[in-house]
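Hello,

Here is the structure I promised to pass on. Please have a look, and then read my notes below.

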Amino acid sequence: MIRVACYFRISEDPKRTGLGVARQRDDCLKLCERNGFEIVAEYTDNDRSAFKDNARRPGYDQLLDDIRHRRIDAVVAYKDDRLGRRLRTLIDLYDLLLEHGVVVHLVSGTVDLRTSQGIAMAQMAAVMAENYVRSARENNLRARRQIAEAGKRHCSVRPYGWEPGGMKIRSDEAEVVREIVRRVIFGETPTSIALSLNERDIPTVRGARWTGIGVRKCAARASNAAIREHNGKMYYNGVWEPIITQDEYAQVQTVLNREAKRFARGTGRKYLLTGLVFCGECGNRLSATVGSGGRKPAYRCHKARSDDNTIIGCGGVSRNIAALELLVQKAVLARLNSSELLDALTTRKNADMAAGELLAKRDEQAARVDQLVTDYATGVLSADQFRQAKQVAEQRLGELNQQVSRLTANTALAKIDLGADLEKAWESNPLAWRRELVELLIDRVEVLPYPDGYPRKYWHGFKFAPELVRVKWRV
């Protein structure tokens, strides 16, 4: 009696009905019955690709283990492409089968590896199986790109703000999208926006509660501005009605990108000024240290040696955390009450037009930087010309990015109620709110060392010299 293991696989079964592998099983069992095979194992990989590099097939792995340990004499499958879709996979399988004398029986034919012709036919079948998948994938990618170029949408799930299909706006949800985008541009965090929406019992498209990530994704969608995104690199004008303008989309992208860079530096902050305080002597960033042995918590400049033996930091500057943060708090609240800031916010009424013009200049400059690479690759520019032009172009691009950042910060400040009790608002809001406000207003805080013999005076109960602290304002 010939011992066989039956193997069934189908690449896609999104509803997980198992009907495809069930049909394969019926045909394979009939083949075994006709030939009088003894079925010792059945392995199934439903909804499992045999082409993707990272695709795992537990059933297939168990089949290989049976072959290696000589538990079976033959493999039964519906077709050879059920066993594998890649040439390398099938060649390795056929080498293993040949080594252990195991035969493959297919519903559509038998792969006989005992003859040179059978081996050649198996290899040709493997080539055709892989080529079929590659051709299908190329055709699919080409069709998707054509759909994107035509500005059409592909919506497997109804997008929030639109009716099914994504072409017609759902007015009540569109207002929520506009609110989210406006609040993000004004500097509000996605998490606080999510809390606000949940308090008003506004559900997501699936009827669930909003999260900070969900709000961020909603605000960042290019489709909100009728922009068809393809592979995250190519953008086309969509044929559906937009919810927001393209200028608003560009502004919200600027805010979200800036926030992503800020949070990439670390979100688990315990102190208000982490990352913003610098040594006025050597320029090193001060780090917050917990006090011990009678020493108070302080921002300190640490002296260290890098891997290349370079000395980093001077180690000669430190300030009491509570005192320095109190000074910055008072400076921020004074700044919010200043006429300079009021003038800056008053000019905000023309900022939308300014934002559009500035973003257009920034995009044009970014395109020039990209064009330089093309000119160098095609020989229009020499290596020296490319380096010089790239340096100038990137410097200008950096200046435009800074202007966009400052304009966005002014927009965020417009949400602050300057007529309210700012000191009370500071005390009642959490550290994240205070930190956000500080980052909107302050670029950096520089702490100068105490000169020799400098008198240690008391300031609000601290031995502290406010005159040895410089605040560099962003706005």
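In what follows, contact means heavy atoms within 4.5 Å. Helices (H or I, at least four residues) and strands (E, at least two) are DSSP runs, numbered from the N terminus. This is a predicted model, in which local features need pLDDT of at least 70 and side-chain atom pairs count only at pLDDT 80 or more, while totals for chains, interfaces and linings use all residues. Residues are numbered from 1 along each chain as its sequence is written, and side-chain values use heavy atoms, with hydrogens and water left out.

Let me start with a helix pair. Val-177, Ile-180, Val-181 and Val-184 of α6 meet Val-215, Cys-218 and Ala-219 of α8. By class, this contact has seven nonpolar residues, no polar and no charged ones (Ala, Val, Leu, Ile, Met, Phe, Trp, Tyr, Cys and Pro count as nonpolar, Asp, Glu, Lys and Arg as charged, and the others, Gly among them, as polar). The axes of α6 (residues 171–185) and α8 (residues 212–220) come within 9 Å and cross at roughly 95°; axes are lines fitted to C-alpha atoms, for helices over the stretch in contact, and angles run from 0 to 180 degrees between N-to-C directions. α6 and α8 are therefore roughly perpendicular (65 to 115 degrees; under 35 is roughly parallel, over 145 roughly antiparallel, the rest oblique).

Then there is an open sheet of three strands, in the order β8-β14-β17, with mixed pairing. Two strands pair if DSSP finds at least two bridges between them. β8 and β14 (residues 442–447) run parallel and are joined by three bridges; Cys-279 has Val-447 in β14 as its bridge partner.

Best wishes
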